[in-house]
Amino acid sequence: MAEPSPAPTRSNEPASTKATYFWGNRTKSCLCLILLFAVLLGFYSNVFSLIPRRQTEKSQSSPEAHHVQGQRESLTLSEGDGHLDSCRIPEVPRLLYPKAQLLKPSRVDVLVMTPWFAPVVWEGTFDSALLDVQFRNTTIGLTVFAIKKYVVFLRLFLETAEKYFMVGHKVIYYVFTDRPADVPQIALQDGRQVVVLHVGNYRRWQDISMHRMEMISNFSRQRFLREVDYLVCLYVDMKFSDHVGVEILAPLFGTLHPGFYAADRQSFTYERRPLSRAYIPRDEGDFYYAGGFFGGSVPEVYRLTTACHQAMTADQAQGIEAVWHDESHLNRYLLSHKPSKVLSPEYLWDEQMLQRPPLLRKLRYVAVPMNHTEIRSR
């Protein structure tokens, strides 16, 4: 009996048949790999979802995580992004307060709104109870410079601040001084603290004044951004004499200078030399702002103080010193960057130099009598 002929081998098949076998098997293999990958992906995603969140939270609370967070915050600040919390609309619980009367303005004797729709804050234009609720989770930083003999003003400043400044809110007093041992110990309300920042001094009081912008800028980047929501920058040779609360808070605010609130722009003591970075022509200007009371959100204060410091550095390279130093540069900045709130002269007054007009229903922050020559000379 004849042997059966052997089964044909693939080597004897045509080339087209070989290709069909090859790609058919290749396709099946790829489909199997894809299905296997999908199954494994689903399995591992379920496994990772079962990992306790506490491990993630623990890792975020580590020093390294805080360092990364600080870097991100600094990056956000340097890129010019706004403070995130300033965009949030707070929820207000049920409150009982008088209804605003649309046809009865709160004040008709003074300007209560700037041409760019920024409120001008006077007594009678706000409800403290309502604002306190809106800002109930806010931390306010207050910067004050007590360099050389100006440290003698600190006790009265801090004691009156505890009585009138942001009462009921969290506050950090940042005291810049070259004499940390002379900073007085005073009783503080709950949620408030004094932080002493040791800095150097300068020979002239004008240099101290101008370097104030540089130091606020540096510390805003280094720590203020992480610690507070708003900064209020004040002179130390003053005292609080009435309520100063969250009604002043805004992304950027300035205070009307008590000597120029009723003057025309030609009378303002702006820097008039065109070579200075603080230059303002005589046909420009909104208000004359005081250097002793300004502030806003930390990113906005950082931008303001950085710009003023850079402008003063550029002036110095040209051998120019603005007529009123950092105050001149502050006015230049606030002309180009309109403040979102303007504080009336209630928030900065000098009873020794100025007679109180009837439109000032309250004096909230006033100058302390002193011998300027003696204080500034040491």
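Of the 378 residues of the protein, 42% count as buried, where buried means under 20% relative accessible area, exposed over 50% and partly exposed in between, with a 1.4 Å probe and protein chains only. The model is predicted, so that local features need pLDDT of at least 70 and side-chain atom pairs count only at pLDDT 80 or more, whereas totals for chains, interfaces and linings use all residues. Residues are numbered from 1 along each chain as its sequence is written, and side-chain values use heavy atoms, with hydrogens and water left out.

The accessible surface of the protein amounts to about 21900 Å², and carbon and sulfur atoms contribute 57% of this surface. Accessible areas were computed by the Shrake-Rupley method with a 1.4 Å probe; for residues, only the protein chains shown count as cover.

The protein contains 9 helices and 10 strands. These elements are DSSP runs numbered from the N terminus (helices: H or I, at least four residues; strands: E, at least two). Among contacts (heavy atoms within 4.5 Å) with a separation of 6 or more, 74% are made by residues 24 or more positions apart.

F117 is located in the loop between helix 3 (63-78) and strand 1 (120-121). Although F117 is not a glycine, its phi is positive, at about 65°. F117 counts as exposed because its relative accessibility is 70%.

M166 occupies the loop that lies between helix 5 (154-164) and strand 3 (170-177). M166 is likewise not a glycine, yet has a positive phi of about 50°. With a relative accessible area of 0%, M166 is buried.
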